[in-house]
Amino acid sequence: MLTNKTEAIKLYNKLLQEFEALPKVNTYPTFMELCQMGGDRFEERCSQILSFYFNPDAPHKLHGLLIKSLLDAVKIDIPYSLRAVNVHTEEMTPDRKFIDITITGDNFVIAIENKIGADLYNPLDSYVSHIKECYKNKEYKIFIVLSARRIVDTTEIKKMERHGYLYINYSTLFEAIKQNLGHYAIDADHNYLTFLFDFMRTIEKRYNNINMELNKFFFSNRDNIENLISQYDAFKNNVLQVQKEHIGQLKGRICDLTGANWWAWQGWDLGISFNDKGARLGIESSFGDESFDNPLGDFHIYITVWRKKDFYPYEADLKAAYPNCYIDYNPEGGNRVYLHLPRINGSNTEAILKALVDCYNTVKEIAAKHQ
């Protein structure tokens, strides 16, 4: 535990500088994640997506990009034609086992065991026997384990080698796709190209160690980071308490000045509302944008409705009263509407009270017109 404040500040500054220098990963949710395509069926969904893109005649119009990239990834150079290519998922063997993806062409067959996160427990010998028996006429028979996780277990590696399977990681396939894409992108359907990128990013976020440096940084500095977070939480709480105290003082004075019953929701949101049984219209206000020199920050006053449909009866009057103020019709995708008044320095109590009284009188008059 650090006891010297100067020493602690130097350490935290060093941590923040190291963090800023690290490469960051896009953490926004992918479309697949929004659809919650997870759980036991995620692997099956991935196989279906891959089978679509492996099909050179599919509407994506990427033609042979995925097949070429797959062969490049396993370093196989064979002559082949994309004519008469067929792609199947869940092809059943005589002993009722299922091959995840089977790709056949005029002179080749590729059997893919698609492993996302699970161990390689599958009966590879059954798959090999089926392919060799069912596709005797194919000159090139290729067996691949495509894995999202990195396979390092010697038992699994020996199992693949014993049955003639080649192993590649998804990251290797994706790298090959990115390298080859330039030759195919012009003709591609850009909607399906976007879906392909989304699929690739979903796998990379979940299973590939593309953020290893960041993970190592967090593990190596865990105790100091947790202490920094704890200190920062305490700092934010102290700032909030100062702001709540000032809100409490403002509440007492504004109630006296207006003769109305204002609220202080959770201690930090000072407000009042009108027409509560109909199209509710109100005023809310709070401190924000605090700084070292001014822990109160600026004082924000905004006229609000709690249901978007309730704003329209008041819209013309509010725009006439506040022609230069910004109206947020879609705050964070919610159902409210906010009209933001100019900010006031948080330490200027008299200016804040005057603005609140003026706003109160204006909004009260507008609300009364629409009762």
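**Exercise 1.** Are Tyr170 and Phe199 buried or exposed, and how are their rings arranged?

*Solution.* The model is predicted, so local features need pLDDT of at least 70 and side-chain atom pairs count only at pLDDT 80 or more, while totals for chains, interfaces and linings use all residues. Residues are numbered from 1 along each chain as its sequence is written, and side-chain values use heavy atoms, with hydrogens and water left out.

Begin with accessibility: Tyr170 and Phe199 are both buried, a word that means under 20% relative accessible area, with exposed over 50% and partly exposed in between (1.4 Å probe, protein chains only). Turn next to the rings, which pair if their centres lie within 6.5 Å, planes under 30 degrees apart being stacked, over 60 edge-to-face and the rest tilted. The centres of Tyr170 and Phe199 are 6.4 Å apart and the planes stand at 70°, so this pair is edge-to-face. Because Tyr170 belongs to helix α7 and Phe199 to helix α8, the pair ties together parts that are 29 residues apart in sequence.

**Exercise 2.** Describe the pair of Phe311 and Tyr329, and the accessibility of each residue.

*Solution.* Consider the geometry: Phe311 and Tyr329 form an edge-to-face pair, 5.7 Å centre to centre, with 85° between the planes. Then locate the partners, for Phe311 sits in the loop between β9 and α11 and Tyr329 in the loop between β10 and β11, 18 residues apart. Finally, Phe311 has a relative accessible area of 2% and is therefore buried, whereas Tyr329, at 30%, is partly exposed.

Note on methods:
Rings of Phe, Tyr and Trp (its six-membered ring) pair if their centres lie within 6.5 Å; planes under 30 degrees apart count as stacked, over 60 as edge-to-face and the rest as tilted. Helices (H or I, at least four residues) and strands (E, at least two) are DSSP runs, numbered from the N terminus.
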